[in-house]
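The notes follow in the order in which I looked things up.

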Amino acid sequence: MDLTEIRGKYLAAVAGAAGEAALEEVRVAALGKKGEVSALMATLGKMPPEERKTAGADLNALKDEIDAALRAKKTALGDAALDERLRAEWLDVTLPGRPRRAGTVHPVSQVTDELTAIFADMGFAVAEGPQVESDWYNFDALNIPPEHPARQEHDTFFMHRAAGDDRPPHVLRTHTSPVQIRAMTEQGAPIRVIAPGRVYRMDMDQTHTPMFHQVEGLAIDRDISMANLKWTLEEFCRAFFEVPSVELRFRASHFPFTEPSAEVDIRYSNVGGQLRIGEGDKWMEILGSGMVHPKVLAAAGVDPTQWQGFAFGMGIDRIAMLKYGIPDLRAFFESDLRWLRNYGFSALDVPTLPAGLSR
Ligand code: PHE
């Protein structure tokens, strides 16, 4: 049996196949059930034994040779396809970043920088304290004894204590007021500080999130009064909101750590989701305040017969919403890039009083 011609034909067809489909056609024509080589194999049965021996060996060798050629070609075609894709989908990862994608400063950070600039101008330094706070700093030192209802009102997150450890658990601070105690203990009086930072309460709706931001203010000297508090807050709001006038409403209130106490609301309007301050018929509570309670001064080692002063705690997120017309507080902390691009600030516009706060 002369297989030279058939061998040449199929090896050439394999070599010339342009793609996987053409290659498969070659395979079927040669080695498929009805293929030419398979048909020759089927004739072996009718041959005399001597002839069958050599013809069978030749046919098997041919079958293996074509099969090997098919496999090699298939691999080569796959490699070529991959090379082609790599060429077509080439990407230069060393290109510089595009400025359009630059990060932005979050409104909370922007507002914190703005209010720090304003209070620095009035002589307030920045003080800090931990977010995981002992219950003494968060409550007791602020004249909130263990059974006081204010502890419940704060919807406190408690830290875990090991089994058998029955000291009172630490808390996620529910307000920035513990920084009053820390700052006075460290620096004594007179003192003028603000303490911006994160605080935590179990609360969630359109105007409350479990984590939010406050700035504490504290001014202690020999003759500080409620009048100084009122002036400071009005002056702050005018500068902060960058408007000629704002309207504040002082409401008598109660905090264990101040006496007397006042909550302060600011006038604003909400027209179709657009918030504007200084006009309209709505009031938003933005802070709690009062004259620091003598027991609080004493707890921080400041002599209440010599010193007195005011404190306030203001919601940073609240005043950010008002100033920049942001209707929903929850969106502040969802890290939605579209929101951040819309409400974020350029990292190069650092707020200062002489250069302007927000431009
Ligand atoms: N700590 C109070 C609160 O979170 C606010 C406050 C601070 C009130 C300082 C008076 C003085 O509600």
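I took as a polar contact a pair of N or O atoms within 3.5 Å; within protein, one must be able to donate a hydrogen and the other to accept it, and residues adjacent in sequence count only if both atoms are side-chain atoms. The model is predicted, so I noted that local features need pLDDT of at least 70 and side-chain atom pairs pLDDT 80 or more, while totals for chains, interfaces and linings use all residues. Residues are numbered from 1 along each chain as its sequence is written, and side-chain values use heavy atoms, without hydrogens and water.

I found a ligand oxygen atom 2.8 Å from a side-chain N or O atom of Arg-201. Another entry places a polar side-chain atom of Gln-214 at 2.9 Å from an oxygen atom of the ligand. For Ser-177, I recorded 2.9 Å between an N or O atom of the side chain and a nitrogen atom of the ligand. The protein buries 92% of the 320 Å² that the ligand exposes when taken alone (Shrake-Rupley method, 1.4 Å probe; for residues, only the protein chains shown count as cover).

**Shell.** I listed 14 residues around the ligand, with His-175 and Gly-313 among the closest (a heavy atom within 4 Å).

**Chain.** I noted 12 helices and 10 strands. The C-alpha atoms fill a box of roughly 125 × 55 × 35 Å along the principal axes.

Methods. Helices (H or I, at least four residues) and strands (E, at least two) are DSSP runs, numbered from the N terminus.
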